[in-house]
Amino acid sequence: MFNLPSFRIGRFFGIPVEINTSWFIIFLLVAVTLTTSYFPATVEGLSSAVYILMGALTTLAFFGSVLLHEFAHSLVARAGGLTITRVTLFVFGGVSQMEEEPRSPGHEFVMASAGPGMSLVLAALLYIVAAFLDAAGAHDAVLACVDYLWIINLSLAIFNLLPGFPLDGGRVLRALLWGITGDLLRATRWASRMGQALGVALIATAVLGVLLWQTLDLIWLAVMGWFLSTLAASAYQQQLVRAQLARVPLERIMSSPAALVPAATTLEEMAHSYFLGGRHSRYPVVEDDRVVGLVDLRKANQVDRSLWPETTAGDVARHDLADIVALPTTSVDRILPKLDPNGPGAVLVVEDGRLAGIVTRADVIRLVRSIAEES
Ligand SMILES: [Zn+2]
């Protein structure tokens, strides 16, 4: 499900926002339910065009509410010094993708509370707006939309505050356990067990609904519960691997680069002597023995072929060195975001300006596999 593609819709506060295909399921479900049953039952006797308009506007506002919730997390995380790569909306709500884990229990606590806090503030504001509109004699159709929105924001806050990891409430719980025990891994284990237990409880409630009350209304709880317990179990596994990767320095898994490319080499020469028939698609570029970047077949291909004889490897190599360079003592968990297939894809291990080795995605996958086999 989480392998479904995502679409970028824009940037807010400098953070790219993506919508995962699974989000459309919820979006459609909300729009259809509002238009065909909720609004017609709440305000009777309107034309279907009005119900569709109410449904569409309210669904968009709901979508905006979830984004604001997610941005509250992201902006607090960023204020605490973490880099947010993107915000993605899933079927479950939103996920802020961060380059690293929060640095302290206190930071995680504030970060996790910010989202539900935002939803509660929105719920309160919308409630006040609804009261004003009511007093001013606004049309029932308008009131129904605003009422729905404060209730949905309140529900968002309450659901997310359930104390099971990886929900926000579970993160708050993890922060508290982490603060008390000083052990992030143990705190994650307990908080994700709570997540699994909560998932099972939600499924059980849905089953009881069918057996005792002969209703299918609670069946969505089973879906949520199933998601929650799956996510909780994998979140703990990820944390476990991360903790082990934190103990391995890059120098233990780096390999010596297949070849170094002098910065003055033209793309024409590179095509013949490096890329053509070579096993590698990325090479470190050096100038006077010092690393200046990484040249990548994909980037070379973006340059028009007629320019290859005069364009050098130095020209296309990434000069944003900070992004691709690490020290031999840096731990493997720190470079994971850089190995994203859409990113640089490799990290150059540099000591005193000289290349000591290279770490690629394949090296890390091999390490993760060997950790999994040991445990
Ligand atoms: Zn949240």
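## Nonpolar cores

A nonpolar core is a set of buried Ala, Val, Leu, Ile, Met, Phe, Trp, Tyr and Cys residues joined through side-chain atoms within 4.5 Å, where buried means under 20% relative accessible area with a 1.4 Å probe and protein chains only. The model here is predicted, so local features need pLDDT of at least 70 and side-chain atom pairs count only at pLDDT 80 or more, while totals for chains, interfaces and linings use all residues. Residues are numbered from 1 along each chain as its sequence is written, and side-chain values use heavy atoms, with hydrogens and water left out.

The largest nonpolar core has 29 residues, and Trp 23, Phe 39, Met 54 and Phe 62 have the most contacts inside it. Two or more residues each come from strand E2 (15-20), helix H1 (21-42), helix H2 (48-79), strand E3 (84-90) and helix H4 (140-160); helices (H or I, at least four residues) and strands (E, at least two) are DSSP runs numbered from the N terminus. H2 is the top contributor to this core, with eight residues. Apart from this core lies another, of 17 residues, among them Leu 267, Tyr 283, Trp 308 and Val 316.

Let us look at Met 54 in its surroundings. Leaving aside residues up to four places away in sequence, Met 54 touches Phe 39, Val 43, Leu 46, Ala 141, Ala 144 and Cys 145 (contact means heavy atoms within 4.5 Å).

His 73 lies in helix H2 and Asp 168 in helix H5 (residues 168-181), so the pair ties together parts that are 95 residues apart in sequence. Both His 73 and Asp 168 are buried.

## Domains and a sheet

The domain assignment, automatic or from a database, gives domain 1 (6-161) and domain 2 (250-374). Their C-alpha centres lie 41 Å apart.

An open sheet of three strands runs in the order E5-E6-E7, with mixed pairing; two strands pair if DSSP finds at least two bridges between them. Strand E6 (residues 282-287) pairs with E7 in the antiparallel sense over six bridges, and Tyr 283 has Val 295 in E7 as its bridge partner.

How values were computed. Buried means under 20% relative accessible area, exposed over 50%, partly exposed in between (1.4 Å probe, protein chains only).
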